[in-house]
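Have the sequence and the coordinates open as you read.

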Amino acid sequence: MKRQLFIATSIAAALAGCAPIGTKLNENTGFHKVLDSAEGLDKRIIGTHGLAKEYRPQDISADFPLDSLPTPTSAYYTAIRKDGFHSYSLIVNGAVDRSHAFALAQLEKMATARDITRHDCVEGWSAIAQWDGVKLADVLAVVRPRADARYVVFHCMDSDQQGSLYYESLSLEQAMHPQALLALRMNGKPITPDHGAPVRLRVPTQLGYKSAKWVHRIEVVASMHALYSGNGGYWEDQGYEWYAGI
C-alpha cells in the first residue's frame, strides 16, 4: 500500500511540473487512466494522513513571490479593503445542516492554528512562511456537513481577463486534514491584499495552486460536475491535475 501511495504522489508531482517528461506524460491518454486510479487511492488515504514538513522561524524565506491571478479590483473587494476588511464575511453553505456567515472578527477568535511550511509552486519555485489562522475542520464543524457531502469548494474574488472567477476544491477528507487552514496572518502580520487578504486557503500537502487566495465563499457539495467546467478548480478546468500532492 505504501508503494502504491508513493507511485500515486510521484506521478501527480511529475505531471504538475514543467519538465519535458511531465509534458509527454500529460499527452498520453493511457497514462491518465493509470493516474485516475491512483488518484482514487490517494483521496481515500491522504485525506487525514501524512503531514507536510514543519520548519523553524529562521527558515522563513525573505521573499515570497506573487504568482496568481491579479489582486481583485471589483467594487466589493475595493470596498472591504478600504474599511480594513471589517465588513467582510466568509459564507459557508451548501450540503450542510446550518449555513453560516463568519465575520472576520469571528474567524480571528477561532484562529488557533499556526504552522511554518513550504509553499511549492507548479512553476518550480518554493518559499517558506509562517501561517496563522483557523483550521478548516473547525469551520466545517460549525456548519456540520450532511451525510451526502463529498467535496469542499472555495469560491474566490479574483478573476482572469475573461472574467472567470478563481475556484478550488478539496475532498471532505482533505479538508479535514490537520494542516488545512484558512490563513489570516502571514509571518506574524495580517495577510496583505496581494497575498490573498483577508482569508486564503493553505494546503501545504499539495502544490500551490490548491491554496486559493481571496476566499469569499465555501460551498460543501455532493458532486462537482455542475460547477464551472466540472473538474474541481480553475486550473484543473484547463488541464491541471485535481490531486496535486507533493
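**Confidence**

This is a predicted model. The protein chain has a mean pLDDT of 85. Of its residues, 80% reach 70 or more. Residues 1–48 stay under 50 in pLDDT. For this stretch, the model has 54 contacts beyond four places in sequence.

**Helix α6**

Helix α6 spans residues 136–143. Its buried residues are Leu136, Ala137, Val139, Leu140 and Val143. Seen down the axis of α6, these buried residues fall within an arc of 160°, so they line one face of the helix. In general, an α-helix has 3.6 residues a turn, so residues three or four places apart point the same way. Arg144 follows α6 and has a positive phi, near 60°.

**Backbone angles**

Most residues other than glycine have a negative phi, and most peptide bonds are trans.

Asn187 sits in the loop between β7 (181–186) and β8. Tyr228 is in the segment after β10 (215–221).

Which peptide bond is cis? The bond from Ala197 to Pro198 is cis, with omega near 5°. Pro198 lies in the loop between β8 (189–190) and β9 (200–202).

Definitions and conventions: Residues are numbered from 1 along each chain as its sequence is written. This is a predicted model: local features need pLDDT of at least 70, side-chain atom pairs count only at pLDDT 80 or more; totals for chains, interfaces and linings use all residues. Side-chain values use heavy atoms; hydrogens and water are left out. pLDDT is the predictor's confidence in each residue, from 0 to 100. Contact means heavy atoms within 4.5 Å. Buried means under 20% relative accessible area, exposed over 50%, partly exposed in between (1.4 Å probe, protein chains only). Helices (H or I, at least four residues) and strands (E, at least two) are DSSP runs, numbered from the N terminus. The arc is that of the directions from the helix axis to the C-beta atoms.
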